[in-house]
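Dear colleague,

I am passing on the structure below, and I would be grateful if you could read it alongside the notes that come after it.

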Amino acid sequence: MPSPSSAPSTPLTPPTLQWDIFCRVIDNYGDIGVCWRLAAQLAGRGQRVRLWVDDASALAWLAPEGCPGVQLRRWGAPPPTPQEPPPDVLVEAFGCEIDPEFIAYCARTTKASGQNDHESRAPVWINLEYLSAQSYVERNHGLPSPILHGPAAGWTRWFFYPGFTPATGGLLREPDLLPRQARFDRAAWRAAQAPDATLAQRDARWWISLFCYEPPALAQLLAQCAQHEEHPTQLLVTPGRATSAVRAALQNMGQNADEGSCSKRGQLSIQYLPPRPQAAFDEMLWACDLNLVRGEDSLVRALWAGEAFVWQIYPQHDDAHHSKLYAFLDWLEAPPTLRRFHACWNGIAGTESAPLQLPDAKTLAEWRACTQAARARLLAQDDLVTQLLRFVQEKHFAKKQSTVSSRHE
């Protein structure tokens with residue numbers, strides 16, 4: 001297991017390796033979002049990356065300009081040609097199971113290299129796991145999983161767990177994140193979103209972003225925002241399931257769901273946003289007072305934004321996500337008001353009868369302070385790419401040492 005560190009290490013200058021990342025898109029954008037950020041950040045540090053994905057359609061708006069150093073490959077396409085570099089690192093994202101044909105190709109390539117030790121020439125095989133704050137993450141991070149059968153028999157697959165503590169693999173954080181945030185002009189961003197409002201009107205509003213599944217308490221949130229006497233609300237609704245959920249909630253409340261890009265109900269102004277690249281999504285989170293996010297990638301981005309946020313965790317049929325949510329709230333050191341809002345927003349049993357309580361200004365400031373404290377703890381740790389590069393270097397060095405030792409025996 002890699003040794004934990006409570007402070008960021010000196011940036012690495014690792015050798016250039018060929019990384020092959022494999023991603024299957026299940027039913028949302030989180031898988032491809034995480035894998036693209038990983039691929040782009042690796043390429044930004046001088047690595048060569050091939051991203052193999054079964055559905056790349058979301059990248060048309062997530063990353064319309066692509067990224068130098070990242071090649072996009074269709075899942076199931078033929079393996080690299082002899083003129084292309086074979087993989088030095090395999091990254092199997094979220095248990096997607098690399099095609100057996102590709103593993104057979106890797107095995108043939110290592111045997112063709114002329115080395116007697118098949119395992120020493122094998123790529124470093126990483127199983128990139130889901131993000132969690134539960135205790136098993138620290139126990140399992142960095143553990144080996146020997147391959148016992150098939151063309152890769154004798155190889156080792158390594159578990160790499162993202163996480164929130166120094167004993168885990170950390171979180172994705174691009175090196176220029178803090179300078180980008182320092183240069184961001186929140187007032188100008190809001191002016192572009194609401195050009196018809198005056199500066200005073202924009203400042204008087206609460207700006208809330210909504211990136212969600214179908215939260216049970218969504219209708220309550222819309223009703224409270226519409227009737228709030230202290231301040232108006234600007235609700236920025238992301239496309240897809242969030243937009244559909246808002247329009248369905250309005251219809252269930254007996255209100256017409258406008259098909260346009262904007263609508264107004266009392267104190268609530270709703271904007272239905274078009275798809276936006278990842279960098280623009282980040283800026284939206286920086287510009288808002290409260291971010292209602294879903295899944296794992298946007299949770300991490302909400303933490304880096306440093307503003308108040310509420311997380312809708314991906315629901316599982318056996319309610320296993322409840323313990324995962326509570327473990328995260330424990331790590332976050334969430335105040336009671338934030339824990340109650342999370343329970344209600346996620347529809348956890350026993351909270352159905354408890355109405356959603358929109359935070360007042362004092363409560364929202366408390367939530368923001370909680371996020372800022374958590375963000376500070378995370379910034380004191382190495383990011384995921386730094387840790388992954390170090391982990392892979394250690395495994396490559398161990399393989400070389402093993403080869404040298406075997407030659408002298």
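Predicted model: local features only at pLDDT ≥ 70, side-chain atom pairs only at ≥ 80, totals over all residues.

Residues are numbered from 1 along each chain as its sequence is written, and side-chain values use heavy atoms, with hydrogens and water left out.

To begin with the cavities (on a 1 Å grid over the protein atoms alone, sets of points where a 1.4 Å probe fits but cannot get out), a search of the whole structure finds four of 30 Å³ or more, a volume being the space filled by probe spheres set on the points, which are joined across faces, edges and corners. The largest cavity has a volume of about 160 Å³, and of the 15 residues that line it (those with an atom within 4 Å of a point), the closest to its centre are Val34, Leu131, Pro162, Leu172 and Val300. Two elements give two or more residues to this lining, helix H1 (30-44) and helix H11 (297-305), helices being DSSP runs of H or I with at least four residues, numbered from the N terminus. H11 gives the most, with three residues. By class, the lining has ten nonpolar, no polar and five charged residues, where Ala, Val, Leu, Ile, Met, Phe, Trp, Tyr, Cys and Pro count as nonpolar, Asp, Glu, Lys and Arg as charged, and the others, Gly among them, as polar.

H11 also packs with helix H10 (residues 278-287), at an angle of about 50° and with the axes 9 Å apart; axes are lines fitted to C-alpha atoms over the stretch in contact, and angles run from 0 to 180 degrees between N-to-C directions. H10 is therefore oblique to H11, since angles under 35 degrees count as roughly parallel, over 145 as roughly antiparallel, 65 to 115 as roughly perpendicular and the rest as oblique. The contact (heavy atoms within 4.5 Å) involves Gln278, Phe281, Asp282, Leu285 and Trp286 of H10 and Asp297, Ser298, Arg301, Ala302 and Ala305 of H11, that is, five nonpolar, two polar and three charged residues.

In the other pair, the axes of helix H12 (residues 320-332) and helix H13 (residues 336-345) come within 11 Å and cross at roughly 160°, which makes H12 roughly antiparallel to H13. Leu325, Tyr326, Leu329, Asp330 and Leu332 of H12 meet Leu338, Arg339, His342 and Ala343 of H13, giving six nonpolar, one polar and two charged residues.

With best wishes

How values were computed: 1 Å grid on protein atoms, 1.4 Å probe; cavity = no way out; pocket = protein on both sides within 12 Å on 5 of 7 lines; lining within 4 Å.
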